[in-house]
Amino acid sequence: MLETLKETVSWLKPQIPEDAKIGIILGTGLGDLADNITDRKEIPYEKIPNFPVSTVAGHQGNLIVGKLGGKTVLAMQGRFHYYEGYDMKQVTYPVRVMQLLGIEYLFISNAAGGMNGSFEIGDIMMIEDHINLFPEHPLRGKNWEELGVRFPDMSDAYSKKLREMAVAIAKKNSIKLQYGVYVGIQGPTFETPAEYYFFKIIGGDAIGMSTVPEVIVARHGGMKVLAFSVITDLGVYGKVVEVSHEDVQKAAQEAQPKLAFLMEEVIKQL
Ligand code: HPA
């Protein structure tokens, strides 16, 4: 795995400014933040050696290098989901690449179902913690000490410092922010009403099919993480209605200017 990674990184390195410290992964229907990146270079995933390729509608597949909030950023427009058939090493491959390129901060967005009764569609939830229910762990197998320790600590998975910055910015700009625990599941089915209820009882506020593996690998690699869910549908027991991928995309698209603003403001302050 290390050799493969090094090949990718040495191909990318000459195209990435050395001061790039911020990585961004954009979720379903949330790729437009990348449009605010200036002085940009777009690198299609299919051009990058050993990079997986995105297959789902609404997921673009570009690595974008440029400036956002006055900082050099490396943004993934489109991510790899476990339900697409990738294994966890592939799902998290771009995070490893970012790590070896010197990225220190990782910003993540996703679309998620809300299970907390006080959430509404279109809300932004800042992820405070997660529950990992994926059937495969991205760090299973041989541990490469040069990438991180065998048993990584996860007590500050979502950086308290970055969260405090986001809360202050949201308050100052009257952006409504919800807070909670994200449950990561493999999908691709949305949940049954009983499942939503179960995931709420075990401590979840929102549920989705991404983010957790990326955060685990980012923490293993020593990055600081800030992540947000856009609540695109509600899995509140007794009120569960039909949901489609199109509903999710539409709700995410409507909320994304607010989230883009919030992320950019945090980046400015780094
Ligand atoms: N469940 C799982 N994943 C999701 C949902 C959901 O309700 N909404 C968006 N992604």
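1. A residue is near a molecule if one of its heavy atoms lies within 4 Å of the molecule. By that rule, the residues around the ligand are Ala111, Ala112, Gly113, Phe190, Glu191, Tyr196, Ile207, Gly208, Met209, Thr232, Asp233 and Val248.

2. The model is predicted, so local features need pLDDT of at least 70 and side-chain atom pairs count only at pLDDT 80 or more, while totals for chains, interfaces and linings use all residues. Residues are numbered from 1 along each chain as its sequence is written, and side-chain values use heavy atoms, with hydrogens and water left out.

3. Polar contacts here are pairs of N or O atoms within 3.5 Å; within protein, one atom must be able to donate a hydrogen and the other to accept it, and residues adjacent in sequence count only if both atoms are side-chain atoms. A polar side-chain atom of Tyr196 lies 2.6 Å from an oxygen atom of the ligand. On the backbone, a polar atom of Gly113 is 3.2 Å from a ligand nitrogen atom, and an N or O atom of Ala111 is 3.4 Å from a nitrogen atom of the ligand. Of the 260 Å² of accessible area that the ligand has on its own, the protein covers 96% (Shrake-Rupley method, 1.4 Å probe).

4. Helices (H or I, at least four residues) and strands (E, at least two) are DSSP runs, numbered from the N terminus. Strand S5 (105-114), strand S8 (206-208) and S9 each give two or more residues to the shell around the ligand. The largest share, 3 residues, comes from S5.

5. Ser229 is found in strand S9 (residues 224-234). Its relative accessible area is 0%, and Ser229 is therefore buried (under 20%; exposed is over 50%, partly exposed in between; 1.4 Å probe, protein chains only). The side chain of Ser229 makes a polar contact of 2.7 Å with the side chain of Asn110.

6. Met209, one of the residues around the ligand, is found in the loop between S8 and H6. Met209 counts as buried because its relative accessibility is 15%. Not counting residues up to four places away in sequence, Met209 touches several residues, including His81, Tyr83, Phe134 and Phe190 (contact means heavy atoms within 4.5 Å).

7. Helix H6 (residues 212-220) is mostly covered, with 8 of its 9 residues buried. Among them are Val212, Pro213, Glu214 and His220. Gly222, with a positive phi near 85 degrees, follows H6.
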